[in-house]
Amino acid sequence: MNSRWPENNTSLNSLYCLGAGLTMSVLPHVQRIPGWIIVLFLVLTIWKLYSPSQVNLTERKFSITRIFLFILMVIGIIGIYFHFGTIVGRNAGVSLLVLLAGFKIIETSQERDFYVTCFLGYFLVVTTFLYTQTIGTAIYMSCTVLVMTLSLLTYNDYQQKLSYKASSKIAATLLLQSIPVMLILFVLFPRISGPLWGMPDDAHTGLTGIDDEMSPGSISQLILSNKVAFRVDFKDTQPEKSQLYWRGPVLWYTDGKKWTRGESDYLDAAPLQTMSDPVAYTVTLEPHNQKWLYALDMPGQNPELGPDQSWITSDFQLLTQKPIRQRIRYEMISYPEYKISGLNNDELQKSLQLPRQQHGRTKRLIHQWKKEGLSKKQIIKRALKLFSEDKFYYTLNPPLLENDRVDQFLFETKQGFCEHYASTFVVMMRLAGIPARIVLGYQGGEYNPVGDYFVVHQRNAHAWTEVWIKEQGWTRVDPTAAVSPLRVIEGIESALPGNIIGIPLMFSRNSLTRQLWRRLNYSWDAVNNQWNQWVISYGPKRQKAFLAQFGLQKIDWSSMIFLIIIFIVPILIYLAFVLLKSTPENGEPVKRLYIKFCKKLARCGIHHVAHEGPVDFAKRAALKRGDLSQQIYNITDIYIAIRYGSNNAQIPSLQEHVRSFRPSTN
Amino acid sequence: MPETIVLEQFPFSASRLAADNKNTRKQRIYIMPTRHGLLFGLMLFAMLIGAINYNNSMAYILTFLLGSLSLVTILHTYRNLAGMVINEAPPLPVFSGELAKFPLILDNRNRHIRFAITFIRSSKKKWRLNQTSTNSHITTCNIDQNQLERIEVPVRSLHRGLLKAGRIKVYTIFPLGLFTAWSTIDVKQACLVYPKPEGQKSLPPVDLTESTGIQGKYSGTDDFTGFRNYQAGDSIKNIAWKVYAQQKGLFVKRFIGSGSDKLHLRWNDVSHLPDIESRLSQLCCWLIEAESQSLQYGLNIPEVSLDTGHGEKHLHLCLASLAKYGLKI
């Protein structure tokens with residue numbers, strides 16, 4: 001029992017399933033872990049499947065193969081350490097698991113090894129979910145789980161009587177029968193918010209959001225994301241759509257290619273003169289793994305996440321102590337009309353910084369404008385006019401910029417996205433001696449009339465600028481609005497060119513198929529949305545809200561477990577009923593009728609014996625109960641005619657006779 | 001009529017007809033996780049912790065799916081045994097040290113195949129249910145729907161006498177090996193164990209006066225005593241070819257000589273051996289030898305006296321009395 005390999009070659013089936021299942025669970029990681037680990041895993045797996053008995057390590061404890069494999073594994077672990085600099089992070093952990101799976105399958109020769117390898121495969125499936133939880137992943141992983149279960153099943157089918165088809169059917173049945181209980185557990189298992197302990201540093205790399213630096217293309221990537229950035233609930237008044245500038249990080253420093261924040265984090269806020277009524281609102285921010293919050297221009301207060309957890313800087317960024325890795329909610333007050341006075345020397349210097357010996361052509365253009373005697377305000381207007389009148393295009397797919405990006409954009413390609421316009425505009429202002437800076441954040445938002453709140457998606461990501469004008473202080477200028485005013489007024493959706501949607505050729509022929517495609521897209525989006533709403537983000541909050549619908553507002557975990565038991569027990573009893581019911585012995589209706597007849601006779605003391613045929617039994621019964629003999633013979637005759645003469649037409653007659661057969665017990 | 005054992009059925013399951021029979025005995029089925037089932041549980045726990053820590057819905061789903069799978073597996077494992085009907089059949093005698101094989105007739109009256117049903121002689125250490133001791137032999141079989149299957153549970157015989165199979169554990173871990181459903185059946189049939197044939201092969205000298213009776217005086221030479229009708233198996237050498245040539249039929253010449261002496265194996269013949277068991281072994285050895293040499297042989301040991309005879313049945317009678325010698329059975 002302990003080692004069925006290699007003397008029993010038929011067990012190979014389960015080994016093949018195991019290899020296939022493991023490979024399936026490893027493959028999604030191809031992009032995330034070093035290629036050599038995948039290759040090593042595949043080599044080990046194929047080696048084992050190719051010659052299962054050759055690599056049998058049970059025979060001798062210290063064979064050359066064994067020592068070789070051990071050294072290879074140590075090298076592998078060291079390799080992982082050097083690649084990631086650790087062996088505990090998320091990616092490193094997954095790499096380690098894949099490596100382990102490879103070495104485990106190669107030494108699988110005993111029962112215990114087989115199970116351990118199989119369980120490792122199940123565990124690898126979970127690791128994929130740490131990266132992606134889409135519907136596609138779920139379907140793929142269901143197949144993987146099926147194959148892993150199949151390997152367990154074939155392993156336990158000692159005599160290998162089952163074909164792959166038959167055992168797949170059993171495995172699928174097992175899994176399908178598990179779904180009801182799984183659903184109950186998923187809905188009712190008490191959810192705990194927050195991590196139990198610190199997560200590895202790279203655990204949140206999948207989170208999307210605005211980065212703390214800007215280079216061409218960094219925002220247009222976000223634009224393609226349909227993910228929600230945050231939701232806003234305005235208390236009383238909603239500002240106009242053109243005022244919906246959600247302020248994030250402020251960028252000061254440029255090297256000619258990318259923009260970064262510089263060091264303004266710990267300075268107190270500059271004096272803010274408010275010129276309108278405050279707007280009060282609540283923000284529910286999705287985790288974005290960055291140390292800042294978003295607020296409407298201009299934030300008037302510290303959101304008070306907790307003592308020393310958040311603060312407001314001199315350039316009105318809302319910074320936090322820790323990266324935002326959980327969905328959080330905070331109340332804010334902002335002033336759409338404002339005046340920021342005061343510009344210290346440090347800031348002045350920073351807001352005029354430019355890389356040396358770059359942007360030559362732009363510099364000449366600004367000099368020319370200066371020579372024309374334009375004032376600073378006029379230069380701002382002139383620059384915006386240049387964007388709006390000189391064939392500048394707003395596009396998500398701008399030509400690639402090399403060399404001097406500002407010059408190339410301004411004089412050659414003239415196609416760009418908000419980051420192009422913002423960065424070029426700030427460079428122009430600084431060349432003209434006007435202090436300027438870039439603000440990253442979101443612009444606009446989608447009003448949800450059902451829930452009465454604004455949803456700001458990642459695709460609302462935006463970059464705009466602020467220039468210092470002596471009388472007005474820091475003033476917001478959005479150069480993108482000059483190029484594509486719709487972008488600001490009606491939102492990003494209207495500004496996006498149609499081809500972004502990416503209608504495939506076969507659908508783009510005529511309007512009908514195009515419409516069909518769009519409808520399909522909407523449906524798929526809706527399905528995905530439901531999936532995200534009900535499956536992916538089903539956490540403590542959702543659970544509370546869901547249970548509240550059934551009048552279970554205040555339910556503690558012990559009553560939830562009680563509920564689970566209440567629901568699961570009937571499901572299992574029903575399953576047991578279905579599984580353990582029915583045997584053909586009295587499963588056939590005709591036989592069942594005959595048994596009913598026998599039972600009726602048994603009540604008057606005439607018991608049917610297993611070895612007795614119907615005719616003999618009838619004779620015996622008729623002898624004992626002469627009064628019933630006619631009926632007994634009648635029923636027996638019909639029964640024999642149906643059962644042995646295939647005279648099915650008489651079934652109703654048998655039914656009738658058995659029903660009316662009521663022997664008196666005396 | 002031997003007893004029929006029905007492994008426990010669910011209250012609402014069928015084949016109650018068999019259970020109503022007087023000769024049937026119901027046997028309870030127990031279910032426990034296997035070692036690997038416990039390991040599986042440990043893995044599920046790790047998964048759950050991971051799911052909670054990362055607040056990952058899909059990890060929750062997979063954990064719950066596999067947890068639920070193990071619950072469903074309990075039912076399937078149970079179903080694999082439940083309602084199975086077991087009948088005993090008498091085992092064939094063996095020599096001490098050989099494997100005694102206890103036949104069981106398994107009756108699957110259900111609509112599903114029973115997979116990988118395993119039989120093993122239950123070890124005395126009941127608490128080590130998942131442990132299979134190395135010297136126990138296991139038998140595994142599938143039983144198709146509505147079919148009978150005959151299996152033999154081997155048990156190593158250690159002493160002569162009657163070997164009882166005792167409690168035989170029937171278990172299955174199908175389909176996933178996470179749970180084991182088992183039941184123990186008390187096998188009533190006993191296997192007769194002959195002594196181990198040991199000792200010298202050469203037969204003891206025949207005691208002429210006693211062993212051959214009246215005809216003893218003719219012994220020493222192959223004296224012709226007469227004809228008898230030919231029977232299948234008679235040696236060709238002894239056929240009376242002359243008579244056959246006269247077309248009077250096929251006859252066999254009969255001789256009296258030492259080769260066809262009646263051999264009586266007596267307790268005295270083995271009195272030189274130190275203990276009873278080795279004496280019995282020697283007698284056993286001689287009996288087999290005598291049978292193979294087609295001798296007429298008898299057995300005279302205390303309390304048992306068997307007249308001379310020949311053939312398989314006679315050998316069995318002799319060996320059985322050796323097996324039972326001195327034992328109160």
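Q: Before I look at details, how confident is the predictor in chain B and in the complex?

A: Good place to begin! Where pLDDT is low, the predicted coordinates should not be read in detail. Chain B averages a pLDDT of 79, and 78% of its residues score at least 70. For the complex, the predictor gives an ipTM of 0.77 and a pTM of 0.66.

Q: Where in chain B is confidence lowest, and where is it highest?

A: Helix α4 (residues 208-212) of chain B has the lowest confidence, at a mean of 45, while α3(B) has the highest, at 94. Over residues 126-134 of chain B the pLDDT is below 50, and this stretch has ten contacts in the model beyond near neighbours in sequence. Residues 209-221 of chain B also stay under 50, with 20 contacts beyond four places in sequence.

Q: How many helices and strands does chain B have?

A: Chain B has seven helices and 16 strands. Of its 329 residues, 37% are buried. Among contacts in chain B with a separation of 6 or more, 67% are between residues 24 or more positions apart.

Q: Which parts of chain B touch chain A?

A: As a general idea, the size of an interface is often given as the accessible area lost when the parts come together. Here we can count residues instead: 53 residues of chain B are in contact with 52 residues of chain A. On the chain B side, the elements that give two or more residues are α2 (35-54), α3 (57-81), β7 (114-121) and β8 (138-143) of chain B. The one that gives the most is α3(B), with 18 residues. By class, this side of chain B has 31 nonpolar, 19 polar and three charged residues.

Q: Which residues of the largest nonpolar core touch the most other members?

A: In soluble globular proteins, nonpolar side chains tend to be buried together. The largest nonpolar core in this model has 124 residues, and those touching the most other members are A:F41, A:V98, A:A101, B:A59, B:L62, B:L287 and B:L322. Helix α3(B) gives the most to this core, with 13 residues. There is also a second, separate core of 71 residues, which includes A:F316, A:Y394, A:A422 and A:V467.

Q: Leaving aside its neighbours within four places in sequence, what is A:V98 in contact with?

A: Its contacts, with those neighbours left aside, are A:V26, A:H29, A:I33, A:I37 and A:F41.

Q: How do I read a helix such as α7(B), and which of its residues are buried?

A: An α-helix has 3.6 residues a turn, so residues three or four places apart point the same way. Helix α7 (residues 312-324) of chain B has 13 residues and reaches 18 Å from its first C-alpha to its last, close to the 18 Å expected at 1.5 Å a residue. The buried residues of α7(B) are B:H314, B:C318, B:L319, B:L322 and B:A323. What covers them includes β10 (161-172), β11 (179-194), α6 (276-292), β15 (296-301) and β16 (304-309) of chain B. After α7(B) comes B:G326, whose phi is positive, near 75°.

Q: Why does B:V170 count as buried?

A: B:V170 is buried because 26 other C-beta atoms lie within 10 Å, and the cut-off for a buried residue is 20 or more. This residue is found in strand β10 of chain B. Leaving aside its neighbours within four places in sequence, B:V170 is in contact with B:I117, B:F119, B:W182, B:S183 and B:I185. B:V170 and B:T139 are 31 residues apart in sequence and 9.5 Å apart in space, C-alpha to C-alpha.

Q: Which strands does β3(A) pair with?

A: Five bridges join β3(A) to strand β16 (residues 436-443) of chain A, and the two run antiparallel. Strand β9 (residues 295-296) of chain A also pairs with β3(A) in the antiparallel sense, over two bridges. A:R247 stands opposite A:G441 in β16(A) and opposite A:A295 in β9(A). Strand β3 (residues 245-251) of chain A is mostly covered, with seven of its seven residues buried.

Q: What are the edge strands of the open sheet of three strands in chain A?

A: The sheet has the order β1-β5-β4 (chain A), with antiparallel pairing. Its edge strands are β1 (213-214) and β4 (253-254) of chain A, each of which pairs on one side only. Two bridges join β4(A) to strand β5 (residues 259-260) of chain A, and the bridge partner of A:Y253 in β5(A) is A:T260.

Key: Residues are numbered from 1 along each chain as its sequence is written. Chains are lettered from A and ligands numbered from 1 in the order in which they are written. This is a predicted model: local features need pLDDT of at least 70, side-chain atom pairs count only at pLDDT 80 or more; totals for chains, interfaces and linings use all residues. A residue is buried if 20 or more other C-beta atoms lie within 10 Å of its own, exposed if 12 or fewer, and partly exposed in between; C-beta atoms are placed from the backbone. Helices (H or I, at least four residues) and strands (E, at least two) are DSSP runs, numbered from the N terminus. Two strands pair if DSSP finds at least two bridges between them. Two residues are in contact if their C-beta atoms, placed from the backbone, lie within 7 Å. Ala, Val, Leu, Ile, Met, Phe, Trp, Tyr, Cys and Pro count as nonpolar, Asp, Glu, Lys and Arg as charged, and the others, Gly among them, as polar. The expected span of a helix is 1.5 Å times one less than its number of residues. pLDDT is the predictor's confidence in each residue, from 0 to 100. A nonpolar core is a set of buried Ala, Val, Leu, Ile, Met, Phe, Trp, Tyr and Cys residues joined through C-beta atoms within 7 Å.
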